[in-house]
Amino acid sequence: MAIWKTKTGFKLDTRNTSYLMETKEKYLLHTYYGAYISDESAQDVICTHYYNFNSYPGYDWSSPSFALNSLPWEYGTCGVADYRVPPIRVRQADGSTVIDPHYEGAELFDGIPDLEGLPFPYADDGERVQTLEVTLVDPATQIAVILGYTVFEQKDVIVRYTKVENRSQATVTLEKVHSLQMDFNRNNYDFIHLYGDWAKERQIERIPLHQGSQGFSSRRGSTGHGNAPFFALCDHDATETSGDAYGFHLMYSGCHQTEIETDLHGTTRCVMGIHADHFAWKLEPGAAFTTPAALLTFSDHGIGEMSRRFHTFIRDNICPKQWRTAKRPILINNWEATYFNFNEEKLLGIAKRASELGIEMLVMDDGWFGHRTDDHSSLGDWYEDRSRLPLGVPHLAQEVEKLGMKFGIWMEPEMISPDSDLYRAHPDYAIHIPGRVGSLGRHQLVLDFSRKEVVDCIYEMMEKILSTAPISYLKWDMNRSLTEMFSISLPADRQGEFAHRYVLGVYDLMHRVVTRFPRLLLENCSGGGGRFDTGMLRYSPQIWTSDDTDASERVKIQYGTSIAFPVSCMGAHVSACPNHQTNRTTSFDTRAKIAMNGTFGYELDVNKLSQAEQDAIPAQCAFYRTHAELINRGDLHRLQTPFGTSEFGAWAYVSQDKKEILLFAYRCLGHSEPTDLYVKLPADPALRYECDGVKVCGDTLSKAGVRLVFGSGDHLALCRYYKAK
Ligand code: DGJ
């Protein structure tokens, strides 16, 4: 059993972790989350403070360990004497925002909850999953806060969500309601988060928590390139293999916010959820609101184990099941090969040569529809441009299939160009505030997906194109952030709901598309990796990691992404050199070795490659195919960070039985007297391995390590495969 009712509260157990909450008086306290413990109470370890200032509000003198401002809450109050960052703010009809929920009861059920239109992890076949819902009610306002905990025992993951029910007779407005609050009785942690920008996504920052507030957010209407909705807290001395590490993901693709506050009493509070800045949800009597899910894991074996727990969970409980073990095609995408300058003949020329070299799918990127010759027009006109494709998409797709390849297509369903038939027919479909000139981004506007008729209209166009041609793959792009957030269909007192309703509209469309076309492989994209989150991964098992295809830059981007996400969901391609983003030249071999750490593909015109480069492709594809299972489903061990002053990066994939190890390493710059890289491999000491005909003991690999010699030159990658005999 994963969830227990204890004498004073509840205990949630996974294989290696325990989570405890206990009622004290009328409150629900958070007493422990960490490595598995058998005890059912941890009240002794919680942080309590004895004030000599007895008029301190919220301090109960008859019970001297009881002070609202220092106790660890399961979900905080707002406006009473807990002065730390609140997870919730509810505005009453009289303008007050105080809420002080008291424990009322709890319900336990098997399986997962229905978050009504929001993505949620699913239970694997035969996997036992239980959910606990604990109800707290504010007696004065009759606002109920229901805390949900779904325990994936075998995966060491707990999924939290929060529901708010208005049980009063008056209408209220939710101004903030976060998915998660987590209080810690320590503040001496390091804070890890993944920040970035366009073409520089998910760089790792690790800093000690400082006194006061810190955090990150997105107000862009979508996840954004700037901050992934993920963070970790770990011991100051935690490494990849040792120390305590907590990880948190918000399963959401809209505006998000994480606030972390340390206080004078040495405690830490974290809250994470939909950003309060673009949120105000009107709740009528009897109505309810449910937050997105938040995923939690913990490891006392370091940051590497924390990442691997999320990798397994994302692969096996979030990404669409049909793609879990299915082979992903090695694709060639024409974006960097042609940009907007292509026609059927050119695409078929690329496809023909690519198929001869072993590439399995052609993806036709931006520009095939309307009259789009550059990025100024036609978004929303999802029918082919006959001047490029005289016989239409079905004909092109069939021709590609005749070459033995699959065919994929690009769309940007959430967008509308002012120069488009759709805009001329329905200018009101674009997000706009009447009387105000809207901001263009990449010359385009965003469709109002909070309106069902707008989503329906785009679905119909998508359904038509996807059902009339053999299309196996869809790259779903999103190339600008939201501005002037407003919907002409919402009344004034519901405009604060717009940003979240937009995200629900996106999820609805994705859900409809993947349900109607269950064999369609969806690759999410947002100007590269601007919408890389576990919400999107519920519909698309892979996401274009970054528009930066330079191998050297990709080492950091993919390494950083791996802190929170599995390699099986990172789109990675070999592109032409000099690289279009950095103007850097790296060898064809390095580019392939780095792109293999993801869903492998090419993004160039194969006909323009040198003969030697073309000749290398069949072996690259064969190597990837041979090791795809190990790369995508093996355990990832990060061995050497490429961040900071490091010249190197190294990581390895290890099979479950430890009999196979695939090691990749990279060196940035060569020197006249280069130093070699030594890494210890996560080998089984009891096994004997062989690599390139050389036999070596597992204990040598894991204790003495291996020396990696790169030779002369810059931006070099190497790869070694160890197999136990
Ligand atoms: C941004 C994407 O990240 C690129 O890969 C490409 O699809 C362009 N959009 C097309 O406009």
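Reply: One definition comes first: Ala, Val, Leu, Ile, Met, Phe, Trp, Tyr, Cys and Pro count as nonpolar, Asp, Glu, Lys and Arg as charged, and the others, Gly among them, as polar. By these classes, the shell around the ligand has 4 nonpolar, 3 polar and 6 charged residues. The model is predicted, with local features requiring pLDDT of at least 70 and side-chain atom pairs pLDDT 80 or more, while totals for chains, interfaces and linings use all residues. Residues are numbered from 1 along each chain as its sequence is written, and side-chain values use heavy atoms, without hydrogens and water.

Me: Which residues come nearest to the ligand?

Reply: A residue is near a molecule if one of its heavy atoms lies within 4 Å of it. Of the 13 residues around the ligand, Asp-365, Asp-366, Lys-475, Asp-477 and Asp-547 come nearest.

Me: Why is the arrangement of Tyr-33 and Tyr-246 called tilted?

Reply: Rings of Phe, Tyr and Trp (its six-membered ring) pair if their centres lie within 6.5 Å; planes under 30 degrees apart count as stacked, over 60 as edge-to-face and the rest as tilted. The whole structure has 37 aromatic pairs. In the pair of Tyr-33 and Tyr-246, the centres are 5.6 Å apart and the planes stand at 50 degrees, so the pair counts as tilted.

Me: What does the pair of Tyr-33 and Tyr-246 tie together?

Reply: Strands here are DSSP runs (E, at least two residues), and helices are runs of H or I with at least four, numbered from the N terminus. Tyr-33 belongs to strand β4 (residues 27-35) and Tyr-246 to strand β15 (residues 245-250), so the pair ties together parts that are 213 residues apart in sequence.

Me: Where is Pro-578, and what is the peptide bond from Cys-577 to Pro-578?

Reply: Pro-578 sits in the loop between β29 (570-575) and α10 (588-595). The bond from Cys-577 to Pro-578 is cis, its omega being near 0 degrees.
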